[in-house]
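Subject: Structure for your review

Dear colleague,

Please find below the sequence and the structure that I am handing over to you. My notes on what was found follow directly after.

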Amino acid sequence: MAIERAEHRRAMIIVVALVVSVALALNLTSKEIALITNRSARTVDTIKYSLRKKMQVDESMPTVAYLRKFL
């Protein structure tokens with residue numbers, strides 16, 4: 001039961017990261033993404049940072065430009 005909850009939580013985190021990725025590719029600001037996802041702007045910034053680290057995006061390249069290559 002705990003494993004199922006953990007898997008569900010992991011799936012939800014992936015969905016949130018995907019939504020933020022698409023919103024970034026659409027050139028939305030952190031505040032706009034926060035309104036859409038019902039989160040704070042700071043939380044959106046944290047998600048953006050973790051996406052950048054997971055995808056190993058170089059700091060010299062903007063995250064939006066990197067995401068647009070794939071979407």
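Lys48 and Asp45 form a salt bridge, in which the closest N and O atoms are 3.9 Å apart. A salt bridge here is a side-chain nitrogen of Lys or Arg within 4 Å of a carboxyl oxygen of Asp or Glu. By this rule the count comes to one salt bridge.

Before I continue, some remarks on the basis of these notes. The model is a predicted one, in which local features need pLDDT of at least 70 and side-chain atom pairs count only at pLDDT 80 or more, while totals for chains, interfaces and linings use all residues. Residues are numbered from 1 along each chain as its sequence is written, and side-chain values use heavy atoms, with hydrogens and water left out.

The salt bridge and its surroundings

Lys48 and Asp45 are three residues apart in helix H3 (residues 41–54), so about one helical turn separates them. Helices (H or I, at least four residues) and strands (E, at least two) are DSSP runs, numbered from the N terminus.

Ser30 is found in helix H2 (residues 30–37) and is buried, with a relative accessible area of 13%. Leaving aside neighbours within four places in sequence, Ser30 is in contact with Ala41, Val44, Asp45 and Lys48, where contact means heavy atoms within 4.5 Å.

Which residues of H2 are buried? They are Ser30, Ile33, Ala34 and Thr37. Seen down the axis of H2, these buried residues fall within an arc of 105°, so they line one face of the helix; the arc is that of the directions from the helix axis to the C-beta atoms. On the other side of H2, Lys31, Leu35 and Ile36 are exposed.

Ile33 deserves a separate look. This residue of H2 counts as buried, at 0% relative accessibility. Not counting residues up to four places away in sequence, Ile33 touches Val20, Ala23, Leu24, Leu28 and Val44. Ile33 and Ser21 are 12 residues apart in sequence, and their C-alpha atoms are 9.9 Å apart in space.

The nonpolar core

The largest nonpolar core has 11 residues, namely Val16, Ala17, Val20, Ala23, Leu24, Ile33, Ala34, Val44, Ile47, Leu51 and Leu67. Helix H1 (2–25), H2 and H3 each supply at least two residues of this core, and the largest share, five residues, comes from H1. A nonpolar core is a set of buried Ala, Val, Leu, Ile, Met, Phe, Trp, Tyr and Cys residues joined through side-chain atoms within 4.5 Å. Val16, one of the core residues, is in contact with Arg39 and Ile47, leaving aside neighbours within four places in sequence.

A nonpolar patch on the surface

Leu18, Val22 and Leu26 form a nonpolar patch on the surface, with about 290 Å² of accessible area together. Patches are made of residues with over 30% relative accessible area and no salt bridge: like charges are joined within 9 Å, and nonpolar side chains (Val, Leu, Ile, Met, Phe, Trp, Tyr) within 5 Å. Accessible areas come from the Shrake-Rupley method with a 1.4 Å probe, and for residues only the protein chains shown count as cover.

Leu18 lies in helix H1 and counts as exposed, at 53% relative accessibility. Leu26 is found in the loop between H1 and H2 and is exposed too, with a relative accessible area of 60%. Leu26 and Val64 are 38 residues apart in sequence, yet 8.5 Å apart in space, C-alpha to C-alpha.

Most residues other than glycine have a negative phi. Asn38 is in the loop between H2 and H3 and counts as exposed, at 70% relative accessibility. Gln56 has a phi near 55°, also a positive value in a residue other than glycine. Gln56 lies in the loop between H3 and helix H4 (63–68) and is exposed, with a relative accessible area of 71%.

Yours sincerely

Definitions and conventions: Buried means under 20% relative accessible area, exposed over 50%, partly exposed in between (1.4 Å probe, protein chains only).
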